[in-house]
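Here is a friendly walk through one protein chain, for reading with the model open beside you.

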Amino acid sequence: MKPSQEATETDYMRLAMMIDCEGHIAIDGSPRRSYALHVTVGNRDVRLLEWCTPRFGGAIWKNEKNPLPGRAPAKRWRMENQDAADLLVKCLPHFIIKREQAEIAIRFRATY
């Protein structure tokens, strides 16, 4: 899904903090098939993820399995491939923990 509103610099700062704390940056695949870049933020409260979608695009994935009784199922907001790389470029100045991972992901995506 494409964003429906323009993200501000403050929005990118907030997202960088979410990725630092509740998210991950991953490259997966195999030589037999193509590799893909994924950026995700996970949370049990969908409001955080619903905040991301109109500003940055992406999609929310709801895990219907509930491994712990009494707890809400985990949900994830996810961006992929070039959209994820473009997003990481805008978040890059604001990362504290995952800056190096973001730099690697951006360089990886530049090979496409």
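## Thr53 and its surroundings

A polar atom of the Thr53 side chain lies 3.3 Å from the backbone oxygen of Leu49. That is a polar contact, meaning a pair of N or O atoms within 3.5 Å; within protein, one must be able to donate a hydrogen and the other to accept it, and residues adjacent in sequence count only if both atoms are side-chain atoms.

Before going on, please note that this is a predicted model, in which local features need pLDDT of at least 70 and side-chain atom pairs count only at pLDDT 80 or more, while totals for chains, interfaces and linings use all residues. Residues are numbered from 1 along each chain as its sequence is written, and side-chain values use heavy atoms, with hydrogens and water left out.

Thr53 sits in helix H2; helices (H or I, at least four residues) and strands (E, at least two) are DSSP runs, numbered from the N terminus. Is Thr53 buried or exposed? Thr53 counts as buried because its relative accessibility is 9%, where buried means under 20% relative accessible area, exposed over 50%, and partly exposed in between (1.4 Å probe, protein chains only). Leaving aside neighbours within four places in sequence, Thr53 is in contact (heavy atoms within 4.5 Å) with Met1, Pro3, Gly58, Ile60 and Trp77.

After H2 comes Gly57, with a positive phi near 90°.

The largest nonpolar core has 27 residues, of which Leu15, Ile25, Phe56, Trp77, Leu88 and Phe95 touch the most other members. At least two residues of this core come from each of helix H1 (9-22), strand E2 (36-43), helix H2 (46-56), strand E4 (75-80), helix H3 (81-91) and helix H4 (99-109). A nonpolar core here is a set of buried Ala, Val, Leu, Ile, Met, Phe, Trp, Tyr and Cys residues joined through side-chain atoms within 4.5 Å.

## Salt bridges

How many salt bridges are there? The count comes to four, taking a salt bridge as a side-chain nitrogen of Lys or Arg within 4 Å of a carboxyl oxygen of Asp or Glu. Among them are these:

| Pair | Closest N to O distance |
|---|---|
| Arg55 and Asp11 | 3.7 Å |
| Glu103 and Arg99 | 3.1 Å |

Arg55 in helix H2 and Asp11 in helix H1 are 44 residues apart, linking distant parts of the chain, and both are buried. By contrast, Glu103 and Arg99 both lie in helix H4, four residues apart, about one turn of the helix. Glu103 is partly exposed at 28%, and Arg99 is partly exposed at 35%. For the other pair in the table, Arg78 is partly exposed at 25% and Glu80 is partly exposed at 35%.

## The largest pocket

The largest pocket holds about 220 Å³ of space. Its lining has 16 residues, with Pro3, Tyr12, Arg55, Phe56 and Lys90 nearest its centre. H2 and H3 are the elements that give two or more residues to this lining, and H3 gives the most, with four.

On a 1 Å grid over the protein atoms alone, a pocket is an open set of points where a 1.4 Å probe fits, with protein on both sides within 12 Å along at least five of seven lines, and lining residues have an atom within 4 Å of a point. Grid points are joined across faces, edges and corners, and the volume is the space filled by probe spheres set on the points.
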